[in-house]
Amino acid sequence: MSTTAGLRRIGAREAGRRTTRRGRTIGVTGGVAIAVLGLVVCFAVLAPLLAPHDPDAVDLSGAYQGSSGTHVLGTDASGRDLLSRLVYGSRTALIGPFLVVAISTLLGTALALAAVWFGGWFDQIVVRVVDAVFAFPGLLLAILATALFGSGLKAATAALSIAYAPYIARIVRSASLRERSLPYIAALRVQGVHGLRIALRHILPNVGGLIVANATLAFGFALMDFAGLSFIGLGVQPPTSDWGATVGTGMAGVLQQHPQEALFASALIVVTVGAVNTLGDRLTERWEARS
């Protein structure tokens, strides 16, 4: 077996060893968080089957009805079934944050790995750009984007993706720098293994757990940002069902002693974000335990 092949096997064993350590249990709270998130995802995927009524069906004569056999959670100001709107609202509540996390993680990880490997002036430019964007509040950037390009999911997704990418890049860069300093990486470089191959085959797998953990935490923040934008009318637009928009439209009902619309939507946001943050914390702890 050649020396290069041996070093590659060492790198693979290192990745496997760390993967094994990361495979430790995430605990009871992590399991509960996964169960809650799984339930929310099922609502989103199976919404047409689970929703008892058309979420957009208006019945002004049935406005603000209480819980009944026909409407389990009651109705809103337009007589629309709250349960159906909340079930369908899980789709828009999840799709926006998912797109933000996917795009920002891809951009942030690519920037971080490139900065770590090339180093020098390229690394300094990336760090300065990342710091500049990181200092700009993501929600404010999203508000500016919707003001320029109009309200809706696309503008908010693009703006928040740009705002969240530096967060991922900073963390991945720090972990990758530590990984790059390990002896087996230096040995692979001496043997002439291509830098891109080292980054993708060895560094990336060994920081993958940290990327997943921080992407999970970012999902919770993105969900809150999207709910906030919809609440003030800059995110998902009526009559499309959305948790944040439901809280916004439900505020009028609160003043009329009908708080169920805003209350139920707010509870779903709080529970979902809490589950996401709990899972992210458990994944982060599991990553740190292997260090």
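Which residues in H10 are buried? Keep that question in mind as you move through the model.

**Before you click**

This is a predicted model, in which local features need pLDDT of at least 70, side-chain atom pairs count only at pLDDT 80 or more, and totals for chains, interfaces and linings use all residues. Residues are numbered from 1 along each chain as its sequence is written, and side-chain values use heavy atoms, with hydrogens and water left out.

**Stop 1: the whole chain**

Show the chain as a cartoon. It has eleven helices and zero strands. Helices (H or I, at least four residues) and strands (E, at least two) are DSSP runs, numbered from the N terminus. The C-alpha trace spans about 80 × 40 × 25 Å along its principal axes. Of the 291 residues, 45% count as buried. Buried means under 20% relative accessible area, exposed over 50%, and partly exposed in between, with a 1.4 Å probe and protein chains only.

**Stop 2: helix H10**

Select 243–255, which is H10. Now the opening question: Trp243, Gly244, Ala245, Thr246, Val247, Gly250 and Gly253 are buried.

Check the length next. At 1.5 Å a residue, the 13 residues of H10 should span 18 Å, and the end C-alpha atoms are 19 Å apart, which agrees. The expected span is 1.5 Å times one less than the number of residues.

Click Thr249. A kink of about 30 degrees in H10 is centred there. The bend at a residue is the angle between axes fitted to the seven residues ending there and the seven starting there.

Go to the N-terminal end. Asp242 caps H10, with a side-chain oxygen 3.0 Å from the backbone nitrogen of Gly244. Then look just after H10: Gln257 takes a positive phi of about 65 degrees.

**Stop 3: the cavity**

Rolling a probe the size of a water molecule over the atoms shows where empty space is left. On a 1 Å grid over the protein atoms alone, a cavity is a set of points where a 1.4 Å probe fits but cannot get out; a pocket is an open set with protein on both sides within 12 Å along at least five of seven lines; lining residues have an atom within 4 Å of a point. Grid points are joined across faces, edges and corners, and a volume is the space filled by probe spheres set on the points.

The count comes to one cavity of 30 Å³ or more. The largest cavity has a volume of about 40 Å³. Select its lining: Ala93, Leu223, Phe226, Ala227, Ser230, Asp242, Trp243, Gly244 and Ile269. H9 (195–231) gives the most, with four residues.

**Stop 4: the largest pocket**

What is the volume of the largest pocket? It is about 310 Å³. Of the 15 lining residues, select the closest to its centre: Leu37, Val41, Leu94, Phe98 and Phe219. Helix H2 (27–45), helix H4 (82–118), H9 and helix H11 (260–290) each give two or more residues to the lining. H2 has the largest share, five residues.

**Stop 5: the second largest pocket**

The second largest pocket has a volume of about 200 Å³. Its lining includes Val133, Phe134, Tyr164, Tyr167, Phe221 and Asp225. Colour helix H5 (120–134), helix H7 (153–180) and H9, which give two or more residues to this lining.

Methods:
A polar contact is a pair of N or O atoms within 3.5 Å; within protein, one must be able to donate a hydrogen and the other to accept it, and residues adjacent in sequence count only if both atoms are side-chain atoms.
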